[in-house]
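The stops below go from one selection to the next.

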Amino acid sequence: DIEVNEVERCENDNLGLSCVAQGVIEIAKTFKGRTQCDSVKLNTFYHELTLSILDTMGEDELSANEKFVSTFSSFLTEAIRSFKYE
């Protein structure tokens, strides 16, 4: 299980953080002193979720590849947001 928490500010002023060992994803309400809009927080959630999945799978190289994680999670966010099932 993964617990998702919205926190005022993440460590090192990150947009989000994930820790598989603790089963936690944190999403920052503020980043560099600015309130984050919902779409940024949603994208951050999928970014952290992608990291958590890759870490759980033991895919350390992919998890450490910020370009891959950011691109994949952005596509995932857009796919889920635009998905319509009839």
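Helices here are DSSP runs of H or I with at least four residues, numbered from the N terminus. The model is predicted.

Start with Leu62, which is found in helix H2, residues 60–64. Its relative accessible area is 31%, so Leu62 is partly exposed.

Next, show helix H1 (residues 38–56) and helix H3 (residues 66–82) as cartoons. Their axes come within 8 Å and cross at roughly 120°. H1 and H3 are therefore oblique to each other, and their crossing is right-handed.

Stay on H1 and select Asp38 and Lys41, which lie three residues apart, about one turn of the helix. Their side chains meet in a salt bridge at 3.7 Å, N to O. Asp38 is exposed at 60% relative accessible area, whereas Lys41 counts as buried at 17%.

Glu78 is partly exposed, with a relative accessible area of 45%.

Move to Arg9 and Asp13, another salt bridge, with 3.4 Å between the closest N and O atoms. Arg9 is exposed at 52%; Asp13 counts as buried at 15%. The salt bridge count comes to four.

Finish at Ala21, in the loop between strand S2 (16–19) and strand S3 (24–28). Ala21 counts as exposed, at 80% relative accessibility.

Key. Residues are numbered from 1 along each chain as its sequence is written. This is a predicted model: local features need pLDDT of at least 70, side-chain atom pairs count only at pLDDT 80 or more; totals for chains, interfaces and linings use all residues. Side-chain values use heavy atoms; hydrogens and water are left out. Helices (H or I, at least four residues) and strands (E, at least two) are DSSP runs, numbered from the N terminus. Buried means under 20% relative accessible area, exposed over 50%, partly exposed in between (1.4 Å probe, protein chains only). Axes are lines fitted to C-alpha atoms, for helices over the stretch in contact, and angles run from 0 to 180 degrees between N-to-C directions. Angles under 35 degrees count as roughly parallel, over 145 as roughly antiparallel, 65 to 115 as roughly perpendicular and the rest as oblique. A crossing is left-handed if the near helix is turned anticlockwise from the far one by less than a right angle, and right-handed if clockwise.
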